[in-house]
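This briefing covers a few local features of the structure shown below, grouped by topic.

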Amino acid sequence: SITLDGTDHTATYNLPVTVGDFTGTGTGWNLSIVSTPFSDSHTTLAQSIASGVATQSCPPTPATCTASAPTNSAPSSLTIPTTTASEFFNAANGTGMGAFSLNPTVTVSIPSNATAGSYSTTVTVTLSSGV
């Protein structure tokens, strides 16, 4: 919840994601993200959402964490698009086998001229095999 006062504001939230690759192929994988614009019944905010670095860790069950931690080459930050999904984390060929948790922080920019309302968006994260 943000109190509008005629100045720009930001709000953040975490977007926890768990990826499991138990195929044994070692072909790697990638995660992409896209969202709808923030809107309420009257207004759509200009799209200005940026994600931070996705940090990785093993899930609570250590048995599913292997020695092939993901080798990520995706950008460390990006603007989450509203038209075409953009890659935000990947596992290079030969890495990322097992289960891993990611916890990217998403920052939402709220412009100073935003009108009061209850805005919502839909964020879609897609996992694809191979890099």
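At 9% relative accessibility, Asp21 counts as buried, because buried is set at under 20% relative accessible area. The model is predicted.

**Asp21**
- Asp21 belongs to strand 2.
- The side chains of Asp21 and Thr23 are joined by a polar contact of 2.7 Å.
- With neighbours within four places in sequence left aside, Asp21 contacts Trp29, Gly96, Met97 and Gly98.

**Aromatic pair**
- The structure holds one aromatic pair.
- Trp29 and Phe89 form this pair, which is stacked, at 6.1 Å centre to centre and with 25° between the planes.
- Trp29 sits in strand 3 and Phe89 in strand 7, so the pair ties together parts that are 60 residues apart in sequence.
- Trp29 and Phe89 are both buried.

**Nonpolar cores**
- The largest nonpolar core has 13 residues, of which Trp29, Leu31, Ile33, Phe88 and Phe89 touch the most other members.
- At least two residues of this core come from each of strand 2 (17–21), strand 3 (29–35) and strand 7 (86–91).
- Not counting residues up to four places away in sequence, Leu31 touches Val17, Val19, Ser86, Glu87, Phe88, Phe89, Leu102, Val125, Thr126 and Leu127.

Notes:
Residues are numbered from 1 along each chain as its sequence is written. This is a predicted model: local features need pLDDT of at least 70, side-chain atom pairs count only at pLDDT 80 or more; totals for chains, interfaces and linings use all residues. Side-chain values use heavy atoms; hydrogens and water are left out. A nonpolar core is a set of buried Ala, Val, Leu, Ile, Met, Phe, Trp, Tyr and Cys residues joined through side-chain atoms within 4.5 Å. Buried means under 20% relative accessible area, exposed over 50%, partly exposed in between (1.4 Å probe, protein chains only). Helices (H or I, at least four residues) and strands (E, at least two) are DSSP runs, numbered from the N terminus. Contact means heavy atoms within 4.5 Å. A polar contact is a pair of N or O atoms within 3.5 Å; within protein, one must be able to donate a hydrogen and the other to accept it, and residues adjacent in sequence count only if both atoms are side-chain atoms. Rings of Phe, Tyr and Trp (its six-membered ring) pair if their centres lie within 6.5 Å; planes under 30 degrees apart count as stacked, over 60 as edge-to-face and the rest as tilted.
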